[in-house]
Amino acid sequence: MKSRQRKQYFRNMKRSDDSEREKRRKRRRLIQELGEQRIPYLSPTDPGFQELWDSSYAGLALRQSGTLPDGLHEKVQSALITLQRRGCLLRDLVRVRDRDVFTAVSRALVGQPGYTYRYLDTRLFTIPWHCEGEEGQKDEKEKQCCDPDLRDACKALWELNQFFCSDVKQTNARGVKRSRSDTENSEDTLGEGTCEESVKDRLLEKQEEEEEEDSGQGCSHSSPPSSALPPAISSPVQFNVTLINYMDPTAMTQLKEEPYYGMGKMAVGWHHDENLVPLSPVAVYSYSCPAEPKNEEVSEKDGEGQGKEQETETEGEGTSKEDLKEEEGLRKEEVEKEKACWRVGLKVAWDIHTPGLALPLQSGDCYYMTDDLNRTHQHCVLAGDTARFSSTHRVAQCCTGTLDYIQKRCSEALGNLHTNTEKNTKSLSSLLPSTLQHIEDIHNEVEFEWLRQYWFQGRRFARFCSWWTKPMEQMEKDWKEMERMTQLLLAVVEDENTTQENRREIADILLNALTDRQQHRQTWRDRCQSSLAQTLPPEEAPVDRPYWSNDDPDMPLPFDLSDIINRVESLLWRM
C-alpha cells in the first residue's frame, strides 16, 4: 500500500514527458488530417441529431428544468447567488504546460467536510455542505465555521446533490431522462471509490495536459481500449463534491473560438474531467441569469423534447417556395436562439470522422454524463449571451485527497520519532532505508500537496469559512516535526564515527529527498512571485508559506537547502 501511494503521489507531482509528447503527436496528426476543413456537428435543429445522440453519445442524458422537484430550483439558484455575493467564487491560478494561467471561470468547491479536488496541479479545498439534521462544523471555540446564509446555501447544494445521487442511478433504467428508449445497463456507475481502483485506473490511463490552455477545467486523458476498462461495480452513486462555476461572457475580454467544429465561443475548452472514480457519472445543474427565453419549439414533456429532431418539410407535394423560405427563415431563427443559449459540446476523443454534438441548455436544465462517456469522449462548454452558474457534481477520488488520509500519513511519519522525556532529546526509531524513504515521501507530500497548495490560494478560505484553519495549523506543526526528523537523519549521515550499516544508501535517500524539496520550493516561490500572482488583491494573493529565513532559530533546517545538498553530495563522493 505504501508503495502504491508513493507512486501515485509522484504521478500527481509531475506528468510524464512521454504523455505530453504523445498528445502533441496526436494533435498534429489530427490537424494535418483535418486541413482547412471543419468537422460537422449537429444541434437539435439538424436532421439526424437524435440518431447521432443514440449511436455515438448514448452516455449523455438530459433532465429538463420542468421535471425537477418543486422548490429545488429556487433553493439552488438562491444558493449560487449567495456564493457569488459572498466572494466565494474566484478564478484559480492553475498550472498548464509549466506556466501559470487564470481560469476563465470563477469557482469554488463545496462538498464532504475534509475533501479536496485536484486539477491542473491545483488542489481545491471544500467548503463543507451542511447535511440535514447536522448542527454544522464548529471550531475550537464552538463557533460555526460558516455564517447562517452561507450554511443555508451549502445545505441547498447538498439537497441538490441528494437528488442527483438518487436520480442518476435511475437514468439508464428509465427512458424519460434520455430522449431514447433503449438504454445501457446502469450497473457501470460507481459510488465512493477505493484507492485500489484508483491506482488500477491510473495505470490504464496516459495522463495528458489540457486541450485548451484557458479552459481551466481539467486534463485531457487518452482513452484506453474498451477491453482494458476496470470491471463494473454495482453500488449506489455518492457524489462527494460539487465544483461551482460562474462566468459572465460579457465581462471577458476574449474567448477562444472552438477550433475543430466552429461551434462558437468557448467558456471551457475540450477536456475530460480528471481525478474521478473510474466510470463514475458526472451531474451538472445549469443556471443562466437572467433566464434566457425558452425555445417554444422544443417540447418539455417528460424531459424528452430537447433531444428530439426538429423535422421540417423541405420537400414534397404541395410545398410552395414561400413556405420553403418561411421554414428556412424559422430554422435560421432557431439556430440563432440555440447559439444564444449556453451549450455543452461533445466529441469522440481524437476522432475527426464522428460529428460533434452541441446540446443547448435552458436555465435550470441538468445533464448527466454516465457510463464511460467521460473516458471515451471530451466535452466543452460553449458560452451563451448571459451570465451562467453551474454546479458540477462528481465522485472525486478520495484515497489520497482527504484530510483523514493526510492526517494518517502524518501519524505514520511521526511514529518514527522517539522522544526521550528524561533527557529531552529526540531520535529516529528506525533507520531502515525503506522506512526513511517512506517518511521523506510523506514529508514532501505534506509540504507540496497540502500546505503550499492551501496557502497558494491566499487567505480566501478563512474569509468565509474557518473549517480548514485548525487542521492546517496542526498539519504545519506536524510538518515542522518532519523537518526535525530530516535534521536527525542528516546528523546520522554526517557522523563519520557511526557504525550504521547502509550509510551510503541512507545518504542517497536523503540527497534525493532534499534535491526534490529544493526544486519544488523554488517552483512554488516563483509561482507566488509571478506577474499574474501580483495582480491579485491581498486577500486572494498567493502566500509563500511555509517560509522562514535561513537563520531562524525555531526551524531545524534552513529554507534554502543548497549548502546541505552540497555537503551530502561531497560525502557520497568520499564514500
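**Close-up views of a predicted protein chain**

Of the 575 residues in the protein chain, 57% are buried (under 20% relative accessible area, with exposed over 50% and partly exposed in between; 1.4 Å probe, protein chains only). This is a predicted model, in which local features need pLDDT of at least 70 and side-chain atom pairs count only at pLDDT 80 or more, while totals for chains, interfaces and linings use all residues. Residues are numbered from 1 along each chain as its sequence is written, and side-chain values use heavy atoms, with hydrogens and water left out.

**View 1. The largest nonpolar core has 86 residues.** A nonpolar core is a set of buried Ala, Val, Leu, Ile, Met, Phe, Trp, Tyr and Cys residues joined through side-chain atoms within 4.5 Å. Ile 127, Phe 164, Tyr 285, Val 446 and Met 475 touch the most other members. Helix 5 (residues 148-171) gives the largest share of this core, eleven residues; helices (H or I, at least four residues) and strands (E, at least two) are DSSP runs, numbered from the N terminus. Beyond its neighbours within four places in sequence, Ile 127 has contacts (heavy atoms within 4.5 Å) that include Cys 88, Val 110, Cys 154 and Phe 464.

**View 2. Helix 9 (residues 403-414) and helix 12 (residues 469-494) cross at roughly 25 degrees.** Their axes come within 10 Å; axes are lines fitted to C-alpha atoms, for helices over the stretch in contact, and angles run from 0 to 180 degrees between N-to-C directions. The two helices are therefore roughly parallel to each other (angles under 35 degrees). Among the residues making the contact are Leu 403, Ile 406 and Cys 410 of helix 9, and Met 475, Asp 478 and Met 482 of helix 12.

**View 3. Asp 98 and Trp 350 are residues other than glycine with positive phi.** Phi is near 65 degrees at Asp 98, in the loop between strand 3 (90-96) and strand 4. Asp 98 is exposed, with a relative accessible area of 70%. At Trp 350, phi is near 55 degrees, and the residue lies in the loop between strand 11 (342-348) and strand 12 (356-361). Trp 350 is buried, its relative accessible area being 14%.

**View 4. The peptide bond from Arg 545 to Pro 546 is cis.** Its omega is near 5 degrees. Pro 546 sits in the loop between helix 13 (503-528) and helix 14 (562-574).

Conventions. Angles under 35 degrees count as roughly parallel, over 145 as roughly antiparallel, 65 to 115 as roughly perpendicular and the rest as oblique.
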